[in-house]
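The sequence and the model come first.

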Amino acid sequence: MLIWALAIGLFAGWSEIGAPLDSGLWSLRNRYFNRPASGQIVVVAVDDKSIAEIGQWPWPRTVHAKLVDRLRAAGADHIYFDITFRNKSTRAEDDAFAAALDRARGKVSLVTFRSLDSVARTSTEIMPYDEFAQRVELADAFLPLNAMNQADRVATFRWVGAQPRPALSFALANKPPVLATSYPISYVPDIASIPSVSAADVVNGRIDPKMLAGKRIVVGMTSSMISDPIRAPGVGAVPSVFVHVLGAETLMVGVPRELGWLIPLFIVALILTYAFSDGPRMPRHAAVAGGFLILMIAPPLLQFRSIFLGTMPALLMLTIGCARYYWWRFRRQSDERSRSNAVSGLPNLTALRHEGDANDSGLIVARIRNFSEATTSLPVDDEEHLVRQIASRLEIGGASRVFQGDEGVFAWLVPPQDLGGIGGQLEALHALFRSALNLGSRSVDLAISFGVVAADGRAVPNRLSSALLAADEASADGSKWKAFDPAHLVDAEWRLSLLGQLDSAIGRGDIWVAYQPKLDMRTNSIIGAEALVRWSHPEKGVIAPDEFIRAAEQHGRIDRLTDFVLESAIRSAAGVNAIGMSFSVAVNISTTLLDDQRIVATVQLLLNRYKLRPDLLTLEVTESTALQTGAESMRTLEALRDIGVQISVDDYGTGHSTLEYLRAIPSDEIKIDRGFVANVAHYSNDRLLVESTIKLAHSLGRKVVAEGIEDEATRVILMSLGCDVAQGYLIGKPMKLVQLMQLCTPDAASLTS
C-alpha cells in the first residue's frame with residue numbers, strides 16, 4: 001500500500017516535479033549514450049555567416065530561387081523550406097521564386113505554421129503566399145511543447161479539413177504512414193553530427209555537390225538574430241530545424257513504440273516489495289541498486305531501436321520509496337515511544353485513538369479520583385507497580401487491553417454486543433477495588449468510578465470526554481458507574497457557531513462544489529452538470545446541505561454562499577469550454593436573492609470575468625419559489641434572462657402551478673421532480689403526469705430535465721416520452737470536477753486537474 005500510495009501522489013504533481021528532473025537525467029544520458037545521425041538529411045542553415053554575406057533578413061525571393069536552383073543542380077532528392085513565405089514581395093521577386101519552384105517539378109515543400117494566442121486561446125494558420133502554395137507540397141512545422149516548454153513529441157500529420165497534412169518531420173523521414181498521430185522524439189542522435197552547410201556557401205557555389213546529391217535538404221533559420229530556439233530535453237536551446245530533423249531521424253530508425261511508464265513502475269513496485277521484506281540485507285540492497293542501474297541505462301539503449309520507455313516516474317518512485325521507508329521506520333519507532341506511558345509502559349490514550357476498532361466499539365473509562373494523592377509520595381518504581389496492579393484488576397474484571405491516561409484515567413474498549421450486560425461487570429469491578437492494593441510495606445486504597453459511552457459515530461477524543469463526564473457524574477451522584485446520555489449535551493455551541501464558521505470554512509476549502517452530470521438523451525453525451533454545495537467539516541464530518549443552507553437563508557448569509565458557488569461553477573465551466581468541450585452548468589438560486597437586483601450584477605460580473613457565454617449558465621428556482629414570486633422577483637428573473645442566462649423551474653410537479661402561471665414565468669427549462677421520475681416504470685399515474693409535463697413544456701418552448709433517474713428502465717421510458725436531459729445516480733452521483741471530466745474524457749480531465 002505504501003508503494004502504490006507513493007505512485008498516486010507522485011503522478012498527481014508529475015509536471016511540476018518529474019519534468020525538470022527528467023530533463024536533467026536526459027542531459028546525463030545524452031553525454032554518454034548517443035549515436036551519429038544517418039546523414040540522409042542535410043540542413044542548409046540561414047546562419048550568421050549567411051546574413052553577413054547575403055544581407056539583412058528577409059532576403060529577396062531571387063536569393064531563395066537561386067538556392068532552389070543550386071540545390072537541384074547538386075542533385076538534392078527533395079528540398080524543404082522551414083521558412084514561411086506568407087507575404088507577397090515585388091512582382092519580379094515573386095515571379096523568380098515561382099519559376100524556380102516550377103523548375104523543381106514537385107521536389108520542393110513549403111511549411112505551414114500555427115501561431116498560438118495563449119490569452120485568447122486561439123490559433124492562427126500561417127500559410128505560404130497562395131501563388132507559391134499552389135506549386136508545392138505543404139508540410140506543417142508546428143512543434144507542440146510540454147509543460148516545461150520543451151519539444152519532446154512531434155506530430156505525424158494534422159487534419160486540414162478532410163485532408164491530412166504531414167508534419168515536417170514526418171515528410172523529411174519519407175516513411176509510410178504510422179498509426180499514431182504523434183510520437184516522441186529521440187534525442188539519442190547527436191545533433192552535432194547532423195550534416196549542415198551555410199546557405200551562403202550554397203548560393204555562392206562553394207559546396208561540393210556530392211555532399212548534397214541524393215539527400216533530403218531542409219532549409220532553416222539558425223542565426224540567433226532572426227530565430228527563436230526551441231528547448232529540447234537534455235539538450236538545451238537549439239534551432240527548431242534541428243528538432244524537425246531529429247523527429248525524422250526517429251522515424252527513420254523504425255516506427256516508434258512507446259512502452260510507457262507502467263512497466264518500469266510495476267518492476268519498481270516488485271523491487272521495493274522485495275527490498276522491504278524480511279530477508280538477508282545484501283540481496284535486498286543489491287535489488288535496489290540494480291533497479292537504479294537498469295532504469296538509468298535501459299531508456300537510451302532502447303531508443304537506439306526507437307523504443308521509448310518512461311522511467312523517470314519509476315526512478316522517482318524508487319528514490320522516494322527508499323527514503324520514505326527509512327523515514328517510516330524512524331517515525332514508527334518514535335510513534336511507539338509516543339504511544340506508551342513513560343512510567344508504566346502501558347499504551348496511552350494516543351494509542352487508543354489509533355486502535356483499528358475504536359470507533360466501532362463501546363468505550364469505558366475508569367477514573368481514580370485520588371490517584372494524584374496516592375502517587376505523590378511514591379518512588380517511580382512503586383508508581384509503576386501501582387499502575388500495573390490497577391491494570392491487572394481491570395483485566396480480571398473483563399478489560400481486554402487497558403490504556404492509561406493522565407491523572408488516574410484508564411480506558412478500554414468493549415464490543416457493542418457486550419454493552420447490554422456491562423452494568424454487572426462494572427459493579428463487580430467496583431467491588432474488587434474496595435480491597436487495598438499492596439505495595440511492599442504500603443497499602444493504598446483507591447476511590448474509583450466508571451463512565452460508559454456507546455459507539456455513536458463520534459471520534460475517540462470526543463467519546464473519551466463524554467465517558468469522563470459520565471464517570472464524574474457517577475462520582476458526584478455516589479454511583480459506581482454511569483452511561484453517557486447524549487441528551488445531556490445538546491450541541492448548542494455548534495448551532496450558534498455554524499454561521500460564524502461559514503466564511504472561514506469557505507476560505508479553508510471545507511465548503512466546496514460538487515458536480516452532478518447531465519446527459520443529453522438524444523446524443524447520449526454529457527453536456528453539463530448541476531453545481532451542488534458541500535461542507536466537509538474537519539470535526540463534524542459531512543454537514544447536510546439543507547442544514548447550513550437553511551440557516552444561511554434565515555440569517556441573511558445566503559448571498560455569500562451563493563457567490564461562492566456561482567464563481568466556482570462559472571470558473572469551472574469556462575475552463576472546460578476553453579479546452580474544446582461544450583459544457584453548461586446549473587446553479588440553484590435562493591428565493592431570498594430574487595428580491596434584489598444585485599444577483600444580476602453579480603452574474604454579469606462573473607460571466608465577464610471568466611468569459612463564459614451566458615447561455616451556458618442555468619439558474620434554477622424551485623417551483624414553489626416560482627409560484628411565490630412577486631413583481632420584484634419576476635423583474636429579476638427577466639433581467640437575468642435578458643443577459644442570456646437560462647432559467648429553470650426546479651422540482652416541477654410539487655407546487656401545483658397552472659398553465660397560465662408557467663407561461664408568465666420567464667423560464668427556458670422545466671425540471672421534473674425526482675418523486676415522479678422514480679415511479680414512471682411502476683405507476684401509470686406518474687408516467688401520465690411526466691408525459692403530459694413533457695408535452696406541456698415542449699408546447700411552451702421549454703426543454704425538460706428529469707432528475708432522480710436511478711435505473712436503465714426509467715431512462716428508456718423517459719427517452720421514449722421525449723425527455724431532453726437526464727440527471728440522476730444512473731448518469732452519475734455528485735462528484736468533483738476532475739472526476740466528472742474523467743467520466744467525459746480522460747484527456748479533458750488531465751487538462752482541468
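Contact here means heavy atoms within 4.5 Å. By that rule, isoleucine 511 touches Leu502, Ala505, Ile506, Val533, Arg534, Trp535, Leu561 and Phe564, leaving aside residues up to four places away in sequence. The model is predicted, so local features need pLDDT of at least 70 and side-chain atom pairs count only at pLDDT 80 or more, while totals for chains, interfaces and linings use all residues. Residues are numbered from 1 along each chain as its sequence is written, and side-chain values use heavy atoms, with hydrogens and water left out.

Start inside. A nonpolar core is a set of buried Ala, Val, Leu, Ile, Met, Phe, Trp, Tyr and Cys residues joined through side-chain atoms within 4.5 Å. Buried means under 20% relative accessible area, exposed means over 50%, and partly exposed lies in between (1.4 Å probe, protein chains only). The largest nonpolar core has 75 residues. Those with the most contacts inside it are Ile511, Tyr515, Val603, Leu617 and Leu619. Helix α20 (residues 558-578) gives the most to this core, with 10 residues. Helices (H or I, at least four residues) and strands (E, at least two) are DSSP runs, numbered from the N terminus. A second, separate core holds 37 residues, including Val42, Leu110, Leu138 and Val202. In soluble globular proteins, nonpolar side chains tend to be buried together.

Valine 188 is another interior position. It lies in the loop between β9 (182-184) and β10 (196-198). Its relative accessible area is 0%, so valine 188 is buried. Serine 306 is 118 residues away along the chain, yet the C-alpha atoms of valine 188 and serine 306 are separated by 9.5 Å.

Turn to the charges. A salt bridge is a side-chain nitrogen of Lys or Arg within 4 Å of a carboxyl oxygen of Asp or Glu. How many salt bridges does the structure hold? There are 32. One of them joins the side chains of lysine 49 and aspartate 201 (2.9 Å, N to O). Lysine 49 lies in helix α3 (residues 48-54) and aspartate 201 in helix α8 (residues 199-203), so the pair ties together parts that are 152 residues apart in sequence. Lysine 49 is partly exposed at 37% relative accessibility, whereas aspartate 201 is buried at 12%.

Helix α3 takes part in another link. The side chains of arginine 206 and glutamate 53 meet in a salt bridge (2.9 Å, N to O). Arginine 206 sits in the loop between α8 and β11 (216-221) and glutamate 53 in helix α3, so this pair ties together parts 153 residues apart in sequence. Arginine 206 is partly exposed, at 43% relative accessibility. Glutamate 53 is partly exposed too, at 40%.

Now follow the strands. Two strands pair if DSSP finds at least two bridges between them. Strand β28 (residues 646-652) runs parallel to β29, joined by 3 bridges. Here tyrosine 652 stands opposite isoleucine 672 in β29. β29 also runs parallel to β30, with 4 bridges between them. Glutamate 669 stands opposite lysine 703 in β30. The side chains of glutamate 669 and lysine 703 also meet in a salt bridge (4.0 Å, N to O). This pair links distant parts of the chain: glutamate 669 in strand β29 (residues 669-672) and lysine 703 in strand β30 (residues 703-706), 34 residues apart. Glutamate 669 is buried, with a relative accessible area of 3%, while lysine 703 is partly exposed at 34%. Salt bridges that share partners join Glu530, Glu620, Lys671, Arg674 and Glu707 into one network. Along β29, Glu669 and Lys671 point one way and Ile670 and Ile672 the other, and all are buried.

Elsewhere, 5 strands form an open sheet in the order β17-β18-β16-β21-β22, with mixed pairing. The edge strands are β17 (403-404) and β22 (481-483), and each pairs on one side only. Strand β16 (residues 362-368) and strand β18 (residues 409-414) run antiparallel, joined by 6 bridges. Valine 365 stands opposite alanine 411 in β18.

Finish on the surface. Leu259, Ile263, Phe266, Ile267 and Leu270 form a nonpolar patch there, with about 470 Å² of accessible area together. Patches are made of residues with over 30% relative accessible area and no salt bridge: like charges are joined within 9 Å, nonpolar side chains (Val, Leu, Ile, Met, Phe, Trp, Tyr) within 5 Å. Accessible areas come from the Shrake-Rupley method with a 1.4 Å probe; for residues, only the protein chains shown count as cover. Helix α10 (residues 262-275) supplies the largest share of the nonpolar patch, 4 residues. Leucine 270 is found in helix α10 and counts as partly exposed, at 49% relative accessibility.
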